Amino acid sequence: ATTSASTGNNKMNGLIYGLSTELETWITRNYFAAGEFSKKIGNLSKSSGTPSSSSTGQNTTTLKIAGGYKYLPMGFFYGPQVNIYGGYAKYSYLLDTSSTDGFGENAFSGIMLGIGGNIPLKKGIRIFASGEIMPFATFTDTSNVFGSKKSISSMALEVGGQYFWSPMIKIIGAFEIINNSAKFSGTNSELNYSDTSIKLGGAFTF
């Protein structure tokens, strides 16, 4: 978490841990709907700057609801796939409130657009990648720490692999980067959240 606030340019780093649940429903072989909910908690410590407090708790919630089109280049469902989708996304952040450091409770939300794809490497193993943006994101400042917003950006990138443990169970590993930032007029002029995550889990198909 990085801010440009009345106490200067402050950067807080730390490890946070959480759980994520994702659901994908195939309406037809080409059209799908998907949703994601995740929750992360942890503590951040001062990395640079002169914040009034050397540490802060962080609680992060992510919600996504989307639908899209699955393009099959080879016409075969279990061959390469390209997903084009859109929907709604919301990233909520809760840090120990400090108006001088630029920390508090806030959220980035709006229409989300994404593209992704996956391809089989060999029998039972697939790799995948996706990218998402919120082109018209809104910023909600519940703690009233910031002034009028000037610009907002939001993006997410993910790459990973899947191993089919059985026809119905997959083991999944992924690397994800999420970046949400905003600029404002006023003393607290900039806010940036950058999450770099390693995700491990499984998927059940029925």
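Twelve aromatic pairs occur in this predicted model, counting rings of Phe, Tyr and Trp (its six-membered ring) whose centres lie within 6.5 Å. One of them joins Trp 26 and Phe 77. Their ring centres are 4.7 Å apart and their planes meet at 75 degrees, so the pair is edge-to-face (planes over 60 degrees apart; under 30 is stacked, the rest tilted). Trp 26 sits in strand S3 (residues 16-26), while Phe 77 belongs to the loop between strand S5 (55-71) and strand S6 (81-98), so the contact ties together parts 51 residues apart in sequence. Strands are DSSP runs (E, at least two residues), numbered from the N terminus. Phe 77 is buried at 12% relative accessibility, whereas Trp 26 is partly exposed at 39% (buried is under 20% relative accessible area, exposed over 50%, partly exposed in between; 1.4 Å probe, protein chains only).

Other rings group together. Tyr 93, Phe 108, Phe 139, Phe 146, Phe 184 and Tyr 193 make one aromatic cluster.

Now the surface. Tyr 163, Trp 165, Met 168, Ile 169, Ile 171, Phe 204 and Phe 206 make a nonpolar patch of about 850 Å². Such patches take residues with over 30% relative accessible area and no salt bridge, nonpolar side chains (Val, Leu, Ile, Met, Phe, Trp, Tyr) being joined within 5 Å. A salt bridge puts a side-chain nitrogen of Lys or Arg within 4 Å of a carboxyl oxygen of Asp or Glu. Areas follow the Shrake-Rupley method with a 1.4 Å probe. Strands S10 (149-166) and S11 (169-184) each give two or more residues to the patch. Met 168 lies in the loop between S10 and S11 and is partly exposed at 40%.

Residues are numbered from 1 along each chain as its sequence is written, and side-chain values use heavy atoms, without hydrogens and water. Local features need pLDDT of at least 70, and side-chain atom pairs count only at pLDDT 80 or more, while totals for chains, interfaces and linings use all residues.

How values were computed: Patch = residues over 30% accessible without salt bridge, like charges linked within 9 Å, V, L, I, M, F, W, Y side chains within 5 Å. Helix = DSSP H or I, 4+ residues; strand = E, 2+ residues; numbered from the N terminus.
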